Amino acid sequence: MNCDAALNCQQRFEGGSIYAPNAGTAVLVAGQFRTYDYYVNQLGWPLADSTCDSGSVCSQTFERGLIYIRGTEPPAVTFGDVYAYYAARTSTLGLPYGVPGCSDRGCSQLFERGKVYSSPRLGTFTMTGAINAFYHDTAQAGLGWPTSEEQCGLAGGGCVQHLEAGRAYWAPVVGPSTIGGGILSAWSSSGAERGALGYPISQEFCHLGLCYQRFQSGAYLVWSPGAGTQLTAGAIGAKFERYATYLGGPMTSQETCGLRSGGCVQQFARGRMYWAPGVGAWPIRGGMETQWRSAGAENGYLGYPTSAEYCRPDGTGCVQYFQRGQLVWGTGLGIEGGYAP
């Protein structure tokens with residue numbers, strides 16, 4: 001028998017151990033609950049013998065935690081601040097899985113209906129439901145841990161959960177999404193989910209220094225090093241993702257309209273996108289744009305572009321079509337044999 005200075009005693013047997021607190025009731029820790037030996041410092045002294053319900057779930061309570069056994073599954077252990085939080089929300093979270101995973105940041109643990117994050121700096125919060133599943137399935141850990149509980153009652157029945165570096169959203173019509181950084185700042189300034197853009201409906205995508213995210217209205221917020229976060233919307237915005245690599249990011253959130261036949265244009269880092277009724281939206285840049293402007297641009301004999309620039313894979317020639325003609329660079333070619341950027 002081993003006893004400490006306070007006369008709390010323990011004695012080991014072949015099938016388990018008996019713990020006898022000073023002037024208290026002796027408690028047996030046996031069977032799979034002997035995993036307690038690995039977590040004695042985190043769990044503290046056992047408070048009662050194990051109990052089992054009709055569903056073959058057994059549990060044992062300790063000073064600072066619990067051990068759960070489900071049939072033949074490995075024991076699940078919860079302790080510390082995660083346990084204190086869980087103890088007040090048992091019916092909401094369900095049973096724990098595994099053990100808390102801890103680092104310098106804090107501890108987290110998966111439960112039947114969510115995951116608990118506990119940080120001395122941020123507090124203790126749960127991620128549940130569609131937001132929890134999306135956050136983990138799409139590897140959004142770069143946005144950090146939750147800094148609030150999920151808050152609902154937003155526009156369209158939506159919910160939000162604040163994260164260290166952004167927010168996670170869910171709404172019935174659009175499903176789950178996350179948003180952060182400069183795109184979050186610009187979206188918030190526009191009224192967030194209650195503004196003209198609505199909820200984000202895609203994840204932020206970054207490539208070659210350009211980051212963008214699509215919203216419920218169909219518009220994009222685009223971040224680039226030279227221009228910050230700008231908006232592209234409407235018919236021009238609808239073509240943005242197709243030509244993002246070709247044109248780069250928008251340099252301004254404003255389209256210039258009132259052009260010939262009611263057309264509009266938006267400036268991008270490497271060119272422009274024009275739109276006109278009956279013509280649609282098409283990009284133009286580089287030498288093609290220079291030649292087109294020298295011919296009077298949309299007011300000249302060529303009119304608006306009616307295609308993107310098509311180039312041979314070997315770079316020997318390009319062609320772009322306009323309302324009343326075409327411009328060709330290098331070896332002449334038609335659309336056949338070329339490729340659309």
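Let me open with Arg70, which is buried at 12% relative accessible area, where buried means under 20%, exposed over 50% and partly exposed in between, with a 1.4 Å probe and protein chains only. Arg70 has a salt-bridge partner, Glu73, with the closest N and O atoms 3.9 Å apart. Glu73 counts as partly exposed, at 36% relative accessibility. For the rule, a salt bridge is a side-chain nitrogen of Lys or Arg within 4 Å of a carboxyl oxygen of Asp or Glu. By that rule the count is five salt bridges.

Quick housekeeping. This is a predicted model, where local features need pLDDT of at least 70, side-chain atom pairs count only at pLDDT 80 or more, and totals for chains, interfaces and linings use all residues. Residues are numbered from 1 along each chain as its sequence is written, and side-chain values use heavy atoms, with hydrogens and water left out.

Okay, the overall picture. The protein chain comes to eight helices and 27 strands; these are DSSP runs numbered from the N terminus, helices being H or I with at least four residues and strands E with at least two. The C-alpha atoms fill a box of roughly 100 × 45 × 35 Å along the principal axes. The radius of gyration is 31 Å, while a compact globule of 341 residues would be near 20 Å. That value is taken over C-alpha atoms, and the globule rule is 2.2 Å times the number of residues to the power 0.38. Buried residues make up 45% of the 341.

Back to charges. Arg121 and Glu164 meet in a salt bridge at 2.6 Å, N to O. Arg121 sits in the loop between strands E11 (114-119) and E12 (123-127), and Glu164 in the loop between E14 (159-163) and E15 (166-171), so the pair ties together parts that are 43 residues apart in sequence. Arg121 is exposed at 60% relative accessibility, whereas Glu164 is partly exposed at 29%.

Now helix H8, residues 286-294. Which of its residues are buried? Met288, Glu289 and Trp292 are. Looking down the axis of H8, the buried residues fall within an arc of 95°, so they line one face of the helix; the arc is that of the directions from the helix axis to the C-beta atoms. On the other side of H8, Gly287, Thr290 and Ser294 are exposed. And what covers the buried residues? The cover includes strands E23 (271-276), E24 (280-284), E26 (317-322) and E27 (325-330).

Glu289 is buried at 8% relative accessible area, and Arg293 is partly exposed at 37%. Elsewhere, salt bridges that share partners join Arg105, Arg121 and Glu164 into one network. One backbone note: just after H8, Gly296 takes a positive phi of about 100°.

Last stop, Ser59, in strand E6, residues 57-62. Buried or exposed? Ser59 counts as buried, at 17% relative accessibility. Leaving aside residues up to four places away in sequence, Ser59 touches Phe33, Ser50, Thr51, Ile67 and Tyr68, with contact meaning heavy atoms within 4.5 Å.
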